[in-house]
Structures are given as structure tokens and as C-alpha cells.
Amino acid sequence: MTFEKELLTGNAAVATAVRLAGVEYIPAYPITPQTEIIELLSKWIDEGKMQSRIVLMDSEHSMMSAAGAAAVTGVRTFTASSSQGLLYAFEMLYNVAGWRAPIVLANVSRALAAPITLEPDHNDVLSARGSGFIQIHCETCQEVIDSILMAYRIAEDGRVRLPAIVNLDGFYLSYTREPVQVPDQKLVEEFLPEYSPPEGYICASNPMSVASAVLDGRAYSYFKYQMHLASLNALEVHERAASDFERLFGRKYGLAEEFMLQDADYVLVTTNSFSTMAKAAAVDLRKAGKKVGILRIRMVRPFPRAAIARMLAGKKGVAVFDQNISVGSGGILYPEILAALYHQSDRPKRILSFIGGLGGKRLSSAEFRHMLSAVASEAEQDYLHMQSVLLFTDQDWGSVKGMLRIAGKAVPEETKEDAH
């Protein structure tokens, strides 16, 4: 079997997957850098290449309300957002998850205001990590198209029945063209049959109530914990979906990806598109005789604790790279890795936290090599950083000082203690 290969942007990969999945309804609201997805889908519908209905809503809140309402009538539904738009829809994220509406949302990551920027980090999507949405984070455009298809398969499974977010980095993937194998339509239909809710859904002949008011903490607790258990089921459902996907399309996706990990002493934990740069740095260090590897987290919710603990068992040191910041705490994924490893007798001796790439700030290969070198050094010297380290180079600082001078502001002369 041969597959068509095209040069697609990340946004085009999302739209192509939505077309292949036979999505029937697309409520939308534009925001950079996801607008191209909606423009492409609208164009294809207008040209008769898709039999779907797209409706431009008056806000992301309305968009999410319409998406959830459509899904509980048994319609396969898609929408997309980014950054402040995702936050504007936030109230409805929790409602849609509570309705157990299996929509798929593509989030094209963009940092949150203020200050405002169009460049990516992951504070937008990680803010939704407790909403009940499954989260799959992508490194490449190929993974984007494949993950949209897998997300529908997992979200619509009767053991899960929760909405899903597929995350791709704005600009680094949204507008970057990469060669992508476009899955064959017939094989997609074998992998992802027409949406058929396992239980009843709302229609004129089947009146029912969804998400009724519960004025009792016991009932509320029951329903919330049912969502939690359903989310955990996604770990097992993902395994079966990944196995079927590999059989049909030849590409296998795990809950997390191991890169040169098997014999590595020191490991860098990453997510999303910056993982490609991390892998290049690891290859360079391997050539220099350093036994390093990369663990890329692909599924962030539910968090694959067991898989991560297994992959990091027996390692001498781990550095966690967060492209986000929880103000007043540090990196968001770092404590999740700590929790996954805390009860393991063979956990790494040192687990360090680094924050970088905020607002799309590109990291150099030297910064990735620094993280891996630092964890090796601290493990050997029995020294430990107690706080997250911000990756911020002298060149970065020089650029900021130049902007401060242009703005007529005083330029601090002291250097940053943790800058590298």
C-alpha cells in the first residue's frame, strides 16, 4: 500500500485530518495562528470536497457551546482555538466535558497575555489540563494529522466518551511545511468508523436530559469521579488505537516517546515541537560520548505516570524542560514527573526543573546541551538546584537591555544569577 505524501503546514494537517474523519459540524471563531484551519475547511466545504456544515460564531464561548450541543446529538464535531480564545471558552470546556461530548479541538498554542504575543508556549493548553479534556501534544505535522484521527477514536470510545484537545505549536508547526503521508480515506474509515454513540443521544424521538443540575455534593462527587475514571480509561484505549493505527498506517505512537533512552544515564523530558531540537542536541552529546536520551510526553491528560516511571527507572538524572510557567510555582510538568517517580525505589537521583521557550523564544542547541550537562554534573557532585532555572542567555539579556534603552527605561546592571 502506498500513501500520498504532501508538503503540509500544521494547520493544513489538522484540516486534512478533519476532512478524512468525516466531521459533520464545525463551529468556529478566528484567532491567530489557528485561523488557517477554519479557512481551509470553509474552502473545501464551498468546493464540495467536504460534506460538512461550518458556522462562524460570535465568540469562542458560543463556539464551544455549539460544539458540545452538536456532539450530544450524535454528530461528529470539530473546532479549533488558541491562547486567549481558549481561555474565553474556558467555562464551556468544563461543561462540554461534563456532558461527556466527544468533540475534538485543535489548539494551536500561543502564549497568554499580558504582555501579548503571537508566539507559542503551553500555558494556554495546560490551563485546561483539569477540565476533563484528553490532551495529546504533537511534535511534527505528521503527528498532527495522525493524532486528530486517533483523538476521535479515543474520545468516542464508550469507555472514555470525553472531549479531546490535540495541541500543536503556533508558528513552529502551524505555518511550517513538512512532508506528510496523508492517510488513505478507506483505511481511515476502517480505523475510524462513522460516529455511533454507544448510548442514547438527544433527538426529537429520544428526549433526554444531559448534565442536569445536581444540588448535592455526593451526586456531584460521583459524576466528577466517573469523569476521572473515564479519563484514566483513555490510557488503555490509546494502546489499542495505537496498535490498530500502526497496523493500518505503519506509524506507532506511544503515550510517551523514547529517544536514545534505553542505555541513557541522563534524560531530558520534553513535549511538543521543541523536542526536535532536544533530540538534535542529544545526538551531538552522544557523538561526544555522553549517554543521554530524550523522553517526550505525548499524552498529557490523562497523565501516563506508570509509563513514565518505567521509562525513567534506574536513570542517574533527569532534567524536565517546561515551555510554560506557573507563576509562583515554576514549571507545570516538573511536579507531575516528581509525583510519577516519588514512590519508585529506582527513581533517578536528581530531577531538575528548567523553563524556556516562553513566548516562542527559540532555544539554542547549547541550551539543550546545558540542561543535560547540568543534571549530570549535579548528580555526580551531589548538588541540587531547589528552584526552576530559567533558560535566558547573555544574548537574550542584551536584546532586552536594548529594548529598555529605546523605551527610555533604566537598565539594571546586575547579572542574573541563574542565567546561562
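Predicted model: local features only at pLDDT ≥ 70, side-chain atom pairs only at ≥ 80, totals over all residues.
**Aromatic pairs**

A pair of aromatic rings is described by the distance of the centres and the angle of the planes. The count for this model comes to 10 aromatic pairs. Please begin by selecting Phe191 and Phe249, whose ring centres are 6.3 Å apart; the planes meet at 75°, so the pair is edge-to-face, the term for angles over 60 degrees. Colouring the helices shows where the two residues belong: Phe191 is in helix H8 (residues 185–191) and Phe249 is in helix H9 (residues 217–249). The pair therefore ties together parts that are 58 residues apart in sequence. Phe191 has 1% relative accessibility and counts as buried. Phe249, at 5%, counts as buried too.

Next, select Phe321 and Phe368. These two residues form an edge-to-face aromatic pair, with 5.7 Å from centre to centre and 70° between the planes. Phe321 is part of strand S13 (residues 317–322), whereas Phe368 is part of helix H13 (residues 365–381), so this pair ties together parts that are 47 residues apart in sequence. Both Phe321 and Phe368 are buried.

**Arginines over rings**

Select Arg19 together with Trp44: Arg19 lies over the face of Trp44, 4.5 Å from the ring centre. Then turn to Arg76, which lies over the face of Tyr152 at 5.6 Å from the ring centre.

**Helix H11**

Now select residues 305–312, which form helix H11. Which residues of this helix are buried? They are Ala307, Ile308, Ala309, Met311 and Leu312. To see what surrounds them, display strands S9 (256–259), S10 (266–270), S11 (292–297) and S13, along with helix H12 (333–341); the buried residues of H11 pack against these elements. After H11 comes Gly314, which has a positive phi near 80°.

**Arg296**

The last stop is Arg296, in strand S11. With a relative accessibility of 4%, Arg296 counts as buried, because the cut-off is under 20%. What does the side chain of Arg296 reach at 3.5 Å? It is the backbone oxygen of His137. A polar contact of 3.0 Å also joins the side chain of Arg296 to the side chain of Glu139.

Notes
Residues numbered from 1 in each chain as written. Heavy atoms only, no water. Phe/Tyr/Trp six-rings, centres within 6.5 Å; stacked < 30°, edge-to-face > 60°. Helix = DSSP H or I, 4+ residues; strand = E, 2+ residues; numbered from the N terminus. Buried < 20%, exposed > 50% of the residue type's maximum accessible area, 1.4 Å probe, protein only. Lys NZ or Arg CZ within 6 Å of the ring centre and 35° of its normal. Contact = heavy atoms within 4.5 Å. Polar contact = N/O pair within 3.5 Å; in protein donor to acceptor, adjacent residues only side chain to side chain.
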